[in-house]
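Subject: Handing over the two-chain model

Dear colleague,

I am passing on the structure below and would be glad if you could look through it alongside my notes. The notes follow after it, element by element.

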Amino acid sequence: MASTGTIGSMDRRQLLGAGLLLALGVGTPLQLWRRHAEGESDIADVGQRALAERLSDLVVPATDTPGALAVKVPDWLLLALSHGQAGTAAQPTGPYVLARPVGSAVPVGLAWLDAVGRQLNAMAKGDFVSLAAKAQHDLLSALDAEAFKPGNDAHPWHKIKDLILTGYYTSEIGGSQELRYELVPGRWEPDIPITLQTRAFSSDWTAVDFG
Amino acid sequence: MSATFDAIVVGSGITGGWAAKELTQAGLKVLLVERGPNEPHGDYPTEMKAPWEMPFRGMGDAEEYLKSYPVQSGNRHFNEYTQHHFVRDDINPYTVGEGQAFNWWRGYQLGGRSLTWGRQCYRWSDYDFGANKADGHGSDWPIRYADLAPWYDKVEDFVGVSGSAEGLASLPDGHFQPPMALNVVEQHVRGVIGQQWPDRCLTVGRTANLTQEKEGRAKCQYRSICARGCSYGAYFSTQSSTLPAAQATGNLTLVTDSIVDQVEIDPVTKKATGVLILNTATGKTMRATARMIFLNASAFNSVHILLRSRSELFPNGLANSSGVLGTHIMDHASTLSGMALMHGFEDRTTYGNRPTGIVIPRFRNLDKADGHGFTRGYSYQGGALQSTWTQGKRMPGIGAEMKDNLHKVGPWKMVLVTYAESLPRASNRLTLDPVKTDAHGMAALHIAFDHGANERAALADAKVEAKAMLEAAGGTYLFGFDQPGAGGSSIHEMGGARMGHDPVTSVLDKWNRAHDVPNLFVTDGAAMASSACQNPSLTYMALTARACDAAVTMLKEGRL
């Protein structure tokens with residue numbers, strides 16, 4: 001994140017990735033993926049990880065409760081994408097064709113993250129992850145607003161945001177400190193007042209599924 | 001290896017459990033055969049897990065689901081906590097008709113789908129039992145409400161059904177435990193509907209979740225994660241209820257991991273002699289014999305067993321001299337008819353997860369033909385709910401402001417889902433696939449099924465009426481649909497061995513006994529001659545209890 005160089009992020013990421021691979025002597029992303037499939041933890045390249053960390057932190061920052069970084073949402077995001085969670089095993093519809101084709105040995109899911117990264121770099125006219133936090137927030141807010149315009153449901157950001165929120169609110173801190181979690185309520189109260197202190201339940205399963 | 005019993009019950013799900021209970025309590029030695037693994041009551045491995053204790057946060061591994069559960073994973077109750085209560089599609093194949101789709105959602109384990117069912121318990125009325133005769137679709141039921149009413153009583157008393165008596169002709173009241181309360185929005189909508197449409201009633205779903213303790217079963221803890229299994233025994237399942245009752249008699253032999261391949265028959269007496277069982281753990285086949293057989297393998301699997309049980313006497317499937325075996329299968333046509341934002345209750349919420357929704361029973365085509373372009377009817381289920389963090393997936397915004405928004409209880413929404421009656425049609429049919437086989441070499445089931453124009457017209461009407469009711473209650477209508485989901489999506493698949501008066505046009509008689517085979521009973525959903533629009537399990541259970549009583553009487557009188 002320290003560099004403010006003018007190299008496009010894909011180039012930078014490729015350079016970083018290639019450098020790391022050479023340093024570790026582990027070869028290609030395909031081999032990396034195979035290592036993951038065999039139980040090792042290197043799912044993504046360092047550029048993808050850096051982007052996952054910035055996006056997670058920007059979407060759910062630490063406030064009076066810990067944020068996404070404290071509960072390792074980036075780890076979840078990369079794992080989830082590598083398994084095609086939230087429909088990321090398939091190509092998006094519409095104009096957002098991913099760089100990595102379906103059927104590639106490397107999971108398609110990570111290409112959704114790459115697509116978001118490409119757009120943010122284009123908006124940044126450089127390397128998004130190298131910008132100051134305020135600039136990152138403003139750019140991501142703009143991308144978020146664009147993605148949520150009517151008719152733009154296929155924008156890859158929807159999936160990334162979905163998985164970041166999922167990672168946070170299904171963590172112990174997100175689910176039981178930021179929100180309320182009660183596995184065994186023991187009673188049903190059909191009508192009670194909401195106060196300023198009332199927090200939503202992460203264990204309201206109907207709301208989770210259909211709310 | 002062989003064994004001899006008074007009765008063999010095939011399948012340990014909701015009706016198999018009842019057959020085992022009723023027959024053992026009558027003093028018969030019973031073999032209960034379950035194709036899936038044992039799952040002892042209380043030993044529900046994911047029951048108490050939090051999302052952060054699950055490898056994929058409760059959603060499961062999408063990669064695995066694509067490969068092994070492409071059909072089952074579409075079920076709303078299927079997730080990482082419940083996936084072991086569903087079959088793997090890759091090793092339990094079936095085929096569908098050209099250009100058709102059918103979601104055959106199944107669970108092969110002790111207790112079957114009694115572990116995962118929706119628990120809604122509704123009696124049928126004579127509007128339903130008389131429907132085939134009245135409008136000519138399908139064949140006439142050989143029974144009416146009065147035949148089944150005492151058995152509904154018996155079943156409800158044992159199951160423990162909470163609900164509210166409403167005095168409705170189309171949905172007879174039963175023996176209920178105290179109802180779970182409507183939430184504040186549902187109560188409001190009930191009032192508006194009752195005032196504006198006196199022939200319509202919104203009431204709380206009648207559900208097999210206890211509101212009072214009962215025979216060693218605790219009352220509901222308001223978790224609403226029933227499909228994981230409930231060690232409190234607070235909802236009715238084979239494990240919580242019928243199996244312990246059957247085992248307490250000392251008359252039950254239970255075998256799991258055992259698939260009944262065929263029912264065998266004596267060509268001279270034309271009676272069933274027993275079953276051939278494949279033990280999936282050992283790969284060995286055994287024969288069990290009995291004085292009578294009850295098929296309770298689930299609607300399609302009971303038909304599947306009969307289709308597989310071919311002999312010289314019955315070359316087209318056992319008990320199929322009529323040729324109607326496998327035909328006239330049904331599944332309620334269902335869709336989300338309306339969702340609305342509800343206003344005026346922003347300062348109200350609830351505590352606990354009520355494991356049932358609401359129901360608006362059928363009001364069309366009762367005493368007057370007021371269905372526009374369709375016969376019979378539909379009913380709504382659904383409820384009012386508030387959003388939680390997942391609404392953030394559909395909203396713009398990031399950062400502290402968004403986090404603060406998601407901290408709060410979300411807005412109220414009201415949802416109405418329609419279940420429309422499925423007409424019995426000969427073209428909707430089960431057959432043996434001529435090519436495809438399962439992992440055990442048995443012919444796969446072929447399912448030909450389409451919803452028809454009647455169902456679509458009912459859903460179109462339901463969408464219009466849902467919008468009208470939600471808006472009358474002050475809601476902002478968001479969206480709704482009028483096209484049904486794929487066949488099977490209601491998980492109310494039924495028919496294929498229908499009951500009827502006439503051996504020429506039906507498979508089973510008024511006692512659920514095969515016209516062709518006097519000691520063979522089919523008492524699960526296969527027996528249904530029509531579908532009504534109510535959730536069917538309570539009727540299956542009542543039919544089973546009634547058939548068991550008749551079978552025991554026949555056995556004692558030497559008529560089997």
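**What was found**

Strand β11 of chain B (residues 333-342) is largely enclosed by the rest of the structure, because 8 of its 10 residues are buried; buried here means under 20% relative accessible area, with exposed over 50% and partly exposed in between, using a 1.4 Å probe and protein chains only. Helices (H or I, at least four residues) and strands (E, at least two) are DSSP runs, numbered from the N terminus.

This is a predicted model, in which local features need pLDDT of at least 70 and side-chain atom pairs count only at pLDDT 80 or more, while totals for chains, interfaces and linings use all residues. Residues are numbered from 1 along each chain as its sequence is written, chains are lettered from A and ligands numbered from 1 in the order in which they are written, and side-chain values use heavy atoms, with hydrogens and water left out.

To return to β11(B), this strand runs antiparallel to β15(B) (residues 412-420), to which 9 bridges join it, and B:Gly338 has B:Leu416 as its bridge partner there. β11(B) also pairs with β18(B) (residues 476-479), again in the antiparallel sense, over 3 bridges, and in that strand B:Phe479 is the partner of B:Met339. Two strands are said to pair if DSSP finds at least two bridges between them.

Chain B also holds an open sheet of 3 strands in the order β3-β17-β16, with mixed pairing. Its edge strands, each pairing on one side only, are β3(B) (94-96) and β16(B) (429-437). Neighbouring strands of this sheet are turned by 35 degrees against each other on average, direction ignored. Helix α8(B) (residues 299-308) packs on the sheet, where it touches β16(B) and β17(B), and its direction makes about 65 degrees with that of β16(B). Axes are lines fitted to C-alpha atoms, for helices over the stretch in contact, and angles run from 0 to 180 degrees between N-to-C directions; contact means heavy atoms within 4.5 Å. The pairing of β3(B) with β17(B) (residues 443-448) is parallel, over 3 bridges, and B:Thr95 stands opposite B:His446.

Two further helices of chain B deserve a note. Helix α6(B) (residues 184-196) has 13 residues and reaches 19 Å from its first C-alpha to its last, close to the 18 Å expected at 1.5 Å a residue, the expected span being 1.5 Å times one less than the number of residues. Among its buried residues are B:Val185, B:Val189 and B:Ile193, and at its start a side-chain oxygen of B:Asn183 reaches to within 3.1 Å of the backbone nitrogen of B:Val185. Helix α11(B) (residues 537-556) is mostly covered, with 17 of its 20 residues buried, and is followed by B:Gly558, whose phi is positive, near 70 degrees.

Chain A has 9 helices and 1 strand, and 48% of its 211 residues count as buried. The axes of α3(A) (residues 46-59) and α5(A) (residues 109-124) come within 10 Å and cross at roughly 75 degrees, which makes α3(A) roughly perpendicular to α5(A) (65 to 115 degrees on this scale). The residues in contact include A:Leu51 and A:Leu55 of α3(A) and A:Leu113 and A:Leu120 of α5(A).

With best regards

Technical notes
A polar contact is a pair of N or O atoms within 3.5 Å; within protein, one must be able to donate a hydrogen and the other to accept it, and residues adjacent in sequence count only if both atoms are side-chain atoms. Angles under 35 degrees count as roughly parallel, over 145 as roughly antiparallel, 65 to 115 as roughly perpendicular and the rest as oblique.
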